[in-house]
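Subject: Structure for your files

Hello,

Here is the structure I said I would send. My notes on what was found in it follow below.

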Amino acid sequence: MRTERCAGFTMPLTWPTEPKETGAEEVLYRLGLGAAAAVFLVWAAARFAPPGLWEFFERYSFCVIYRFTGYVCPGCGGTRALKELFAGHVGASLLYHPLVPYGLGLYAVFMGSHTWEKLGLRIRGINGGHIRGLRWRDTYLILAAGILAANFIIKNLIHLLTGMDVLAELDRLF
């Protein structure tokens, strides 16, 4: 560390400790904590919402593309998939929108492993007992884009070839 002498005092020219760079995993972890807090607030608000509010949301789709064309957009079915997943119906969630269980599973593993690492917890016999948080890979995002595209294409092809409204049929089943 370089210093400079001024009025009889030695002063550092740089910070005593360099600021620590925040890596991608740390940023994602902080965003994940914020997302968990937001989900909790939405859940709490929904828990104490007026009785008819959920029926209103279930009856009307707010997707403009779906309402006017009958074709699904890439995000259609996501809310229903999340609702089914929280009810414990993983299969129904996969049928409504497979990106939701994939994303929530990846979120759970990522957040769980990083929390485990931050707390310094150990598991005997694995990597000397140390657990490292799941590291970010572009593959996760590429796989998510593939799931999103496949869901969009398959549901719209079914509608185009058979005239069947896939989401309405799933609503009747579940």
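A word on terms before the notes: a pocket here is an open set of grid points with protein on both sides within 12 Å along at least five of seven lines, and a residue counts as lining it if one of its atoms is within 4 Å of a point. Please also bear in mind that this is a predicted model.

The second largest pocket

By that definition, 14 residues line the second largest pocket, and those nearest its centre are Leu28, Gly103, Leu106, Tyr107 and Trp136. Two or more lining residues come from each of helix 1 (24-47), helix 6 (99-119) and helix 7. Helix 6 is the main contributor, with seven residues. The volume of this pocket is about 330 Å³. Its lining is made up of 12 nonpolar residues and two polar ones, with no charged residues.

The chain as a whole

The protein chain has eight helices and two strands. The chain has 174 residues, and 23% of them count as buried. Its accessible surface is about 12,800 Å², with carbon and sulfur atoms accounting for 68% of that. If you take the contacts between residues at least 6 apart in sequence, 46% of them join residues at least 24 apart.

In soluble globular proteins, nonpolar side chains tend to be buried together. In this model the largest nonpolar core has 13 residues, and the members that touch the most others are Cys63, Tyr66, Val72, Cys76, Tyr96, Leu167 and Leu170. Helix 4 (78-86) and helix 8 (166-173) each supply at least two residues of the core. Helix 8 gives the largest share, four residues.

Helix 8 has Val166, Leu167, Ala168 and Leu170 as its buried residues. They pack against helix 3 (64-69), helix 4, helix 5 (90-96) and helix 7.

What does Cys76 touch, once residues up to four places away in sequence are set aside? The list is Cys63, Tyr66, Tyr96, His97, Asn151 and Leu167.

The cavity

The structure holds one cavity of 30 Å³ or more, and the volume of the largest cavity is about 30 Å³. Its lining consists of Tyr66, Gly70, Val72, Lys155, Asn156, His159, Met164, Asp165 and Val166. By class these are four nonpolar, three polar and two charged residues. Helix 7 (residues 138-162) provides the largest share of the lining, three residues. Tyr66 and Val72 are on this list, and both are also named among the core residues above.

A buried histidine

Is His114 buried or exposed? His114, which sits in helix 6, has a relative accessible area of 4%, and it counts as buried because that is under the 20% cut-off. Leaving out neighbours within four places in sequence, His114 is in contact with Glu25, Tyr29, Gly133, Leu134 and Arg135.

Regards

Technical notes. Residues numbered from 1 in each chain as written. Predicted model: local features only at pLDDT ≥ 70, side-chain atom pairs only at ≥ 80, totals over all residues. Heavy atoms only, no water. 1 Å grid on protein atoms, 1.4 Å probe; cavity = no way out; pocket = protein on both sides within 12 Å on 5 of 7 lines; lining within 4 Å. Points joined across faces, edges and corners; volume = space filled by probe spheres on them. Nonpolar A, V, L, I, M, F, W, Y, C, P; charged D, E, K, R; others polar. Buried < 20%, exposed > 50% of the residue type's maximum accessible area, 1.4 Å probe, protein only. Contact = heavy atoms within 4.5 Å. Areas by Shrake-Rupley, 256 points an atom, 1.4 Å probe, with all protein chains shown as cover. Core = buried A, V, L, I, M, F, W, Y, C linked by side-chain atoms within 4.5 Å.
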